[in-house]
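Here is a friendly walk through one model, from its sheet to its metal site. Please keep the sequence and the 3D view open as you read.

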Amino acid sequence: MTLIAHMTDLHLRPRGLACYRVSDTNMFAERAIRSLLSLTPKPDALVITGDLTDGSDPREYAVGRELLSRLDMPVYLIPGNHDSTDGMREAFADFPGISETREGKISYRVDIGGTQLIALDTHMPGRPQGELGTEQLAWLDSTLRSATKPALIALHHPPALSGITHMDNIGLVDAAALAEVIAPQAHVERLICGHLHRPIIASFAGKVMTLAPSTAHQVVLDLTENGPALFNFEPAAYFLHYHSSTTGVVTHMAYVENYPGPHHFFADEGVLWPGDEA
Ligand SMILES: [Fe+2]
(Lines give C-alpha, C1' and ligand atoms only; values in the text may rest on other atoms or scores of the structure.)
Protein backbone atom coordinates (compact mmCIF):
# COMPACT_ATOMS: atom_id res chain seq x y z
CA MET A 1 0.00 0.00 0.00
CA THR A 2 1.21 3.48 -0.87
CA LEU A 3 -0.31 6.66 0.55
CA ILE A 4 0.55 10.06 -0.92
CA ALA A 5 -0.67 13.26 0.74
CA HIS A 6 -1.34 16.01 -1.76
CA MET A 7 -1.62 19.65 -0.67
CA THR A 8 -1.78 22.65 -2.93
CA ASP A 9 -2.01 26.43 -3.03
CA LEU A 10 -0.85 27.18 0.51
CA HIS A 11 -0.13 30.80 -0.51
CA LEU A 12 2.21 31.40 2.43
CA ARG A 13 2.91 35.02 3.35
CA PRO A 14 5.67 36.73 5.32
CA ARG A 15 5.03 36.06 8.99
CA GLY A 16 2.20 38.27 10.34
CA LEU A 17 0.70 39.21 6.97
CA ALA A 18 -2.60 37.91 5.61
CA CYS A 19 -3.18 36.96 1.99
CA TYR A 20 -5.47 39.40 0.13
CA ARG A 21 -5.89 41.08 3.53
CA VAL A 22 -8.33 38.45 4.90
CA SER A 23 -6.95 34.93 4.35
CA ASP A 24 -4.63 33.86 7.16
CA THR A 25 -2.89 31.37 4.90
CA ASN A 26 -0.02 30.70 7.32
CA MET A 27 -2.50 29.70 10.03
CA PHE A 28 -4.33 27.42 7.58
CA ALA A 29 -1.02 25.84 6.59
CA GLU A 30 -0.18 25.23 10.27
CA ARG A 31 -3.50 23.44 10.67
CA ALA A 32 -3.02 21.45 7.47
CA ILE A 33 0.38 20.22 8.63
CA ARG A 34 -1.05 19.37 12.05
CA SER A 35 -3.85 17.40 10.37
CA LEU A 36 -1.33 15.56 8.22
CA LEU A 37 0.79 14.67 11.25
CA SER A 38 -2.27 13.19 12.99
CA LEU A 39 -3.02 10.70 10.20
CA THR A 40 -2.86 6.94 10.68
CA PRO A 41 -1.43 5.32 8.64
CA LYS A 42 1.19 7.93 8.02
CA PRO A 43 1.52 8.97 4.36
CA ASP A 44 4.68 7.86 2.57
CA ALA A 45 5.21 11.34 1.14
CA LEU A 46 3.73 14.80 0.76
CA VAL A 47 3.40 16.39 -2.69
CA ILE A 48 2.66 20.13 -2.92
CA THR A 49 1.46 21.09 -6.38
CA GLY A 50 2.47 24.74 -6.45
CA ASP A 51 1.62 28.15 -5.05
CA LEU A 52 3.46 27.23 -1.89
CA THR A 53 3.92 30.99 -1.56
CA ASP A 54 1.77 33.92 -2.57
CA GLY A 55 4.51 36.15 -3.90
CA SER A 56 7.71 34.12 -4.16
CA ASP A 57 9.15 36.28 -1.39
CA PRO A 58 12.21 34.76 0.38
CA ARG A 59 10.42 35.40 3.70
CA GLU A 60 7.51 33.25 2.46
CA TYR A 61 9.85 30.44 1.44
CA ALA A 62 11.40 30.67 4.93
CA VAL A 63 7.94 30.18 6.48
CA GLY A 64 7.51 27.16 4.19
CA ARG A 65 10.85 25.64 5.17
CA GLU A 66 10.02 25.95 8.86
CA LEU A 67 6.59 24.37 8.40
CA LEU A 68 7.81 21.49 6.26
CA SER A 69 10.72 20.77 8.61
CA ARG A 70 8.13 19.38 11.06
CA LEU A 71 7.32 16.48 8.74
CA ASP A 72 9.07 13.14 8.94
CA MET A 73 8.34 12.14 5.35
CA PRO A 74 9.78 13.18 1.98
CA VAL A 75 8.26 16.40 0.61
CA TYR A 76 8.07 16.92 -3.15
CA LEU A 77 7.59 20.47 -4.44
CA ILE A 78 6.83 22.07 -7.79
CA PRO A 79 6.26 25.77 -8.49
CA GLY A 80 2.92 27.37 -9.29
CA ASN A 81 2.25 30.69 -10.96
CA HIS A 82 2.60 32.53 -7.62
CA ASP A 83 6.01 30.95 -6.93
CA SER A 84 9.05 31.31 -9.13
CA THR A 85 11.20 28.47 -10.38
CA ASP A 86 14.41 30.26 -9.39
CA GLY A 87 13.08 31.30 -5.98
CA MET A 88 11.94 27.79 -5.18
CA ARG A 89 15.20 26.26 -6.38
CA GLU A 90 17.18 28.64 -4.21
CA ALA A 91 15.06 28.10 -1.09
CA PHE A 92 14.67 24.32 -1.40
CA ALA A 93 17.87 23.23 -3.17
CA ASP A 94 18.27 20.36 -0.70
CA PHE A 95 14.76 18.97 -1.36
CA PRO A 96 14.53 15.92 -3.65
CA GLY A 97 14.54 16.72 -7.36
CA ILE A 98 14.63 20.49 -6.96
CA SER A 99 18.15 21.01 -8.27
CA GLU A 100 17.51 18.96 -11.42
CA THR A 101 17.15 21.41 -14.28
CA ARG A 102 15.54 21.21 -17.70
CA GLU A 103 14.97 24.35 -19.75
CA GLY A 104 15.30 26.21 -16.46
CA LYS A 105 12.42 24.22 -15.01
CA ILE A 106 12.07 21.99 -11.94
CA SER A 107 11.07 18.53 -13.14
CA TYR A 108 11.96 15.14 -11.73
CA ARG A 109 10.87 11.52 -11.27
CA VAL A 110 10.87 9.65 -7.97
CA ASP A 111 9.57 6.31 -6.74
CA ILE A 112 7.03 6.43 -3.91
CA GLY A 113 6.25 2.90 -2.74
CA GLY A 114 4.50 1.03 -5.53
CA THR A 115 4.05 4.20 -7.61
CA GLN A 116 6.18 6.81 -9.28
CA LEU A 117 5.69 10.55 -9.08
CA ILE A 118 6.59 12.67 -12.07
CA ALA A 119 6.81 16.30 -11.04
CA LEU A 120 6.47 18.99 -13.72
CA ASP A 121 6.96 22.75 -13.72
CA THR A 122 4.38 24.95 -15.45
CA HIS A 123 5.58 28.31 -14.14
CA MET A 124 5.76 31.11 -16.77
CA PRO A 125 7.72 34.11 -15.50
CA GLY A 126 5.44 37.09 -15.06
CA ARG A 127 2.30 35.34 -16.28
CA PRO A 128 -0.55 33.53 -14.50
CA GLN A 129 -0.93 30.92 -17.25
CA GLY A 130 1.12 27.73 -17.28
CA GLU A 131 3.40 26.15 -19.87
CA LEU A 132 5.38 22.91 -19.90
CA GLY A 133 7.53 23.68 -22.95
CA THR A 134 8.86 21.34 -25.64
CA GLU A 135 12.00 20.32 -23.75
CA GLN A 136 10.14 19.30 -20.61
CA LEU A 137 7.52 17.43 -22.68
CA ALA A 138 10.30 15.54 -24.48
CA TRP A 139 11.78 14.61 -21.09
CA LEU A 140 8.34 13.49 -19.90
CA ASP A 141 7.93 11.35 -23.00
CA SER A 142 11.27 9.55 -22.56
CA THR A 143 10.72 9.21 -18.79
CA LEU A 144 7.31 7.59 -19.28
CA ARG A 145 8.75 5.19 -21.86
CA SER A 146 11.58 4.08 -19.60
CA ALA A 147 9.75 3.80 -16.23
CA THR A 148 6.50 1.85 -16.31
CA LYS A 149 5.42 1.84 -12.65
CA PRO A 150 1.93 3.28 -12.02
CA ALA A 151 2.52 7.00 -12.49
CA LEU A 152 1.05 10.09 -10.90
CA ILE A 153 1.95 13.22 -12.85
CA ALA A 154 1.98 16.38 -10.74
CA LEU A 155 1.61 19.83 -12.30
CA HIS A 156 0.20 23.09 -10.94
CA HIS A 157 -2.02 24.13 -13.87
CA PRO A 158 -4.74 21.57 -14.68
CA PRO A 159 -4.74 20.67 -18.38
CA ALA A 160 -8.54 20.11 -18.46
CA LEU A 161 -10.98 23.02 -18.44
CA SER A 162 -13.34 23.45 -15.48
CA GLY A 163 -16.17 25.73 -16.62
CA ILE A 164 -14.99 28.44 -14.19
CA THR A 165 -14.15 30.97 -16.90
CA HIS A 166 -11.74 33.28 -15.11
CA MET A 167 -9.61 30.30 -14.04
CA ASP A 168 -9.80 28.54 -17.41
CA ASN A 169 -8.47 31.77 -18.93
CA ILE A 170 -5.24 31.30 -16.95
CA GLY A 171 -4.83 27.59 -17.68
CA LEU A 172 -2.16 25.44 -19.31
CA VAL A 173 -1.32 26.79 -22.76
CA ASP A 174 0.22 23.57 -24.13
CA ALA A 175 -2.35 21.10 -22.81
CA ALA A 176 -2.83 19.56 -26.28
CA ALA A 177 0.87 18.68 -26.48
CA LEU A 178 0.70 17.07 -23.02
CA ALA A 179 -2.28 14.98 -24.14
CA GLU A 180 -0.26 13.60 -27.06
CA VAL A 181 2.53 12.48 -24.73
CA ILE A 182 0.43 10.82 -22.03
CA ALA A 183 -2.51 9.35 -23.97
CA PRO A 184 -0.60 6.27 -25.23
CA GLN A 185 0.97 5.52 -21.82
CA ALA A 186 -1.32 3.06 -20.00
CA HIS A 187 0.66 3.29 -16.75
CA VAL A 188 -0.23 6.97 -16.27
CA GLU A 189 -2.87 6.47 -13.59
CA ARG A 190 -3.49 10.01 -12.54
CA LEU A 191 -2.82 13.71 -13.13
CA ILE A 192 -2.71 15.65 -9.86
CA CYS A 193 -3.06 19.42 -9.97
CA GLY A 194 -3.88 22.60 -8.07
CA HIS A 195 -4.39 26.23 -9.18
CA LEU A 196 -8.21 26.30 -9.12
CA HIS A 197 -8.63 26.18 -5.32
CA ARG A 198 -11.50 23.70 -5.63
CA PRO A 199 -11.89 19.90 -5.53
CA ILE A 200 -12.51 18.99 -9.18
CA ILE A 201 -12.44 15.67 -11.06
CA ALA A 202 -12.22 15.55 -14.84
CA SER A 203 -10.85 13.33 -17.55
CA PHE A 204 -7.98 14.41 -19.75
CA ALA A 205 -6.38 12.42 -22.56
CA GLY A 206 -8.20 9.34 -21.28
CA LYS A 207 -6.74 9.76 -17.77
CA VAL A 208 -8.35 10.81 -14.49
CA MET A 209 -7.36 14.32 -13.41
CA THR A 210 -7.86 15.22 -9.75
CA LEU A 211 -7.54 18.84 -8.74
CA ALA A 212 -7.10 19.34 -5.00
CA PRO A 213 -8.68 22.23 -3.08
CA SER A 214 -6.46 24.79 -1.38
CA THR A 215 -5.36 24.32 2.21
CA ALA A 216 -6.59 27.92 2.69
CA HIS A 217 -9.20 29.97 0.72
CA GLN A 218 -11.25 28.51 -2.14
CA VAL A 219 -12.40 29.96 -5.46
CA VAL A 220 -16.17 30.57 -5.52
CA LEU A 221 -18.11 27.89 -7.37
CA ASP A 222 -19.50 30.00 -10.22
CA LEU A 223 -20.26 28.28 -13.52
CA THR A 224 -21.92 31.32 -15.13
CA GLU A 225 -20.13 32.50 -18.22
CA ASN A 226 -17.56 35.15 -17.33
CA GLY A 227 -18.46 35.11 -13.62
CA PRO A 228 -16.34 37.35 -11.36
CA ALA A 229 -13.10 36.13 -9.75
CA LEU A 230 -13.96 35.75 -6.06
CA PHE A 231 -12.83 33.55 -3.18
CA ASN A 232 -14.46 32.31 0.01
CA PHE A 233 -13.79 30.13 3.03
CA GLU A 234 -15.41 26.85 2.08
CA PRO A 235 -13.78 24.12 4.20
CA ALA A 236 -10.06 23.89 3.43
CA ALA A 237 -8.89 20.40 2.51
CA TYR A 238 -6.25 18.26 0.86
CA PHE A 239 -6.15 14.91 -0.89
CA LEU A 240 -4.82 11.49 0.03
CA HIS A 241 -3.98 9.31 -2.96
CA TYR A 242 -4.13 5.66 -1.87
CA HIS A 243 -2.61 3.02 -4.13
CA SER A 244 -2.52 -0.77 -3.98
CA SER A 245 -2.18 -3.39 -6.69
CA THR A 246 -5.84 -4.32 -6.26
CA THR A 247 -7.34 -0.79 -6.17
CA GLY A 248 -5.11 1.32 -8.39
CA VAL A 249 -5.11 4.97 -7.34
CA VAL A 250 -8.07 5.98 -5.14
CA THR A 251 -8.35 9.58 -3.96
CA HIS A 252 -9.79 10.64 -0.60
CA MET A 253 -10.35 14.17 0.68
CA ALA A 254 -9.18 15.11 4.18
CA TYR A 255 -10.15 18.35 5.95
CA VAL A 256 -7.83 20.90 7.50
CA GLU A 257 -10.23 22.03 10.23
CA ASN A 258 -11.67 20.03 13.13
CA TYR A 259 -15.21 18.65 13.02
CA PRO A 260 -17.48 16.62 15.38
CA GLY A 261 -17.15 12.82 15.67
CA PRO A 262 -16.37 10.05 15.20
CA HIS A 263 -19.56 8.37 16.47
CA HIS A 264 -20.63 4.74 16.43
CA PHE A 265 -23.50 3.77 14.14
CA PHE A 266 -26.34 2.98 16.52
CA ALA A 267 -29.75 1.40 16.00
CA ASP A 268 -32.58 2.28 18.41
CA GLU A 269 -33.88 -0.57 20.52
CA GLY A 270 -36.20 -2.83 18.52
CA VAL A 271 -35.05 -1.35 15.20
CA LEU A 272 -33.25 -3.77 12.90
CA TRP A 273 -30.41 -2.90 10.58
CA PRO A 274 -31.22 -3.59 6.94
CA GLY A 275 -30.36 -7.26 6.32
CA ASP A 276 -30.60 -8.32 9.99
CA GLU A 277 -32.75 -11.35 10.79
CA ALA A 278 -35.98 -10.60 12.72
FE1 LIG B 1 -3.26 29.41 -6.01
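This is a predicted model: local features need pLDDT of at least 70, side-chain atom pairs count only at pLDDT 80 or more; totals for chains, interfaces and linings use all residues.

## A sheet, a metal site and a histidine

Tyr242 has Val250 in E17 as its bridge partner. Eight bridges join strand E16 (residues 237-244) to E17, and the two run antiparallel.

Residues are numbered from 1 along each chain as its sequence is written, and side-chain values use heavy atoms, with hydrogens and water left out.

E16 and E17 belong to an open sheet of five strands in the order E3-E2-E1-E16-E17, with mixed pairing. Strand E3 (75-78) and strand E17 (248-255) stand at the edges with a single partner strand each, so one side of each has no neighbour in the sheet.

Now to the metal. The iron ion is coordinated by Asp9 (OD), His11 (NE2), Asp51 (OD) and His197 (NE2), at 2.1 to 2.4 Å. Donors are N, O and S atoms within 2.8 Å of the metal (3.2 Å for Na, K and Ca); water is not among the atoms, so sites may look incomplete. Along the chain, the donors follow the spacing D-x1-H-x39-D-x145-H. His11 lies in the loop between strand E1 (2-7) and helix H1 (25-37), and Asp51 in the loop between strand E2 (45-49) and helix H2 (58-68), so this pair ties together parts that are 40 residues apart in sequence.

Finally, look at His123, which lies in strand E8 (residues 123-124). His123 counts as buried because its relative accessibility is 9%.

| Side chain | Backbone oxygen | Distance |
|---|---|---|
| His123 | Gly80 | 3.1 Å |
| His123 | Asp83 | 3.2 Å |

Leaving out residues up to four places away in sequence, His123 touches Pro79, Gly80, Asn81, Asp83, Ser84, Thr85, Lys105 and Glu131, where contact means heavy atoms within 4.5 Å.

Key: Helices (H or I, at least four residues) and strands (E, at least two) are DSSP runs, numbered from the N terminus. Buried means under 20% relative accessible area, exposed over 50%, partly exposed in between (1.4 Å probe, protein chains only). A polar contact is a pair of N or O atoms within 3.5 Å; within protein, one must be able to donate a hydrogen and the other to accept it, and residues adjacent in sequence count only if both atoms are side-chain atoms. Two strands pair if DSSP finds at least two bridges between them.
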